[in-house]
Amino acid sequence: MPARLLEEGRAAWPELSLAPEAFFAALATTLPEGTAAAQAIEALRPADFYLACACAAGDARAIKALMAQSQPDLKRALARIDPSPAFADDALQALYVALFVKAGAKGAGIADYRGQGSLRSFLRAAVVRLGLRLRTTARGQQAALEEAGPGLPGGDTDYIRRRYGRDFEAALALELAALPQKTRSLLRLHYVDGLSIDQLARVYHVSRATAARRLADHRAELEQATRSRLLRLLKITEEELQSLMGLVRSQLHLSLERVLR
């Protein structure tokens, strides 16, 4: 019976080359013990399970095929939460990271698909959960900005942090909102989701050096833009400016994480 499932999966996805032992190992962890195993095998969807196993094994062709075939359905599901294309892009990228990038160390992600029920339904449920989480996060950020107010009021580090720390994060949030969606996504992946340079390189299909350079460039541009906004809006002395910029550089990582969340 397991051999038949493998053959059906191969027939559905002849362009993929999944090792039989990987398929059978995944199948073994999926099946319940005892007489229920036979029922689970009968209910299993060989084509979907084979594709998911290939994705879990890191086959780039499988991952590309899965995302391409599921994207229209996932975008329709996300449109019911938020119709904006930027929201769909953020949610789909979060799904990609959850399924294929961060899953390896946790044994989760695409490997959670058990072959019971369609892979399409599995992905739709996952992206809706992520979409709802993103919407809640965005609403919380907007509420914080509204509480801070549109205006920014206008030594030592502790004094600067107490007096201008909130202004700094408000300015940072405004500059982040002005960035291209792709730039915000990269910053969110690193500062919120905790992806390393190597993982970012995998997500964007670039070399490690390119990923590191992009991250450093985006951070430097954001720091400069935030600095310029603060200079326009705050009336401070040169000494306070220098201390404030020291705060900007020292707190940028933590502030980015808070604001992006």
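Start by selecting helix H2, residues 20-30, in this predicted model. Colour Phe23, Leu27 and Thr30, which are buried. Now look down the axis of H2: these buried residues fall within an arc of 60°, so they line one face of the helix. The spacing has a simple background: an α-helix has 3.6 residues a turn, so residues three or four places apart point the same way.

Turn to the other side of H2 and pick out Glu21, Ala28 and Thr29, which are exposed. Then bring in the partners of the buried side: show helix H1 (2-12) and helix H4 (46-56), against which the buried residues of H2 pack.

Next, centre on Leu176. What is Leu176 in contact with, leaving aside its neighbours within four places in sequence? Show Arg184, Leu187, Leu222, Leu256, Val259 and Leu260 to see these contacts.

The last stop is an empty space. Rolling a probe the size of a water molecule over the atoms shows where empty space is left. The largest cavity contains about 30 Å³ of space. Select Leu186, Leu200, Tyr204, Val206, Ala211 and Arg214 to display its lining. Two elements, helix H11 (197-204) and helix H12 (208-233), each give two or more residues to this lining. By class, the lining has 5 nonpolar residues, 1 charged residue and no polar ones.

Methods. Residues are numbered from 1 along each chain as its sequence is written. This is a predicted model: local features need pLDDT of at least 70, side-chain atom pairs count only at pLDDT 80 or more; totals for chains, interfaces and linings use all residues. Side-chain values use heavy atoms; hydrogens and water are left out. Contact means heavy atoms within 4.5 Å. On a 1 Å grid over the protein atoms alone, a cavity is a set of points where a 1.4 Å probe fits but cannot get out, and a pocket is an open set with protein on both sides within 12 Å along at least five of seven lines; lining residues have an atom within 4 Å of a point. Grid points are joined across faces, edges and corners, and a volume is the space filled by probe spheres set on the points. Helices (H or I, at least four residues) and strands (E, at least two) are DSSP runs, numbered from the N terminus. Ala, Val, Leu, Ile, Met, Phe, Trp, Tyr, Cys and Pro count as nonpolar, Asp, Glu, Lys and Arg as charged, and the others, Gly among them, as polar. Buried means under 20% relative accessible area, exposed over 50%, partly exposed in between (1.4 Å probe, protein chains only). The arc is that of the directions from the helix axis to the C-beta atoms.
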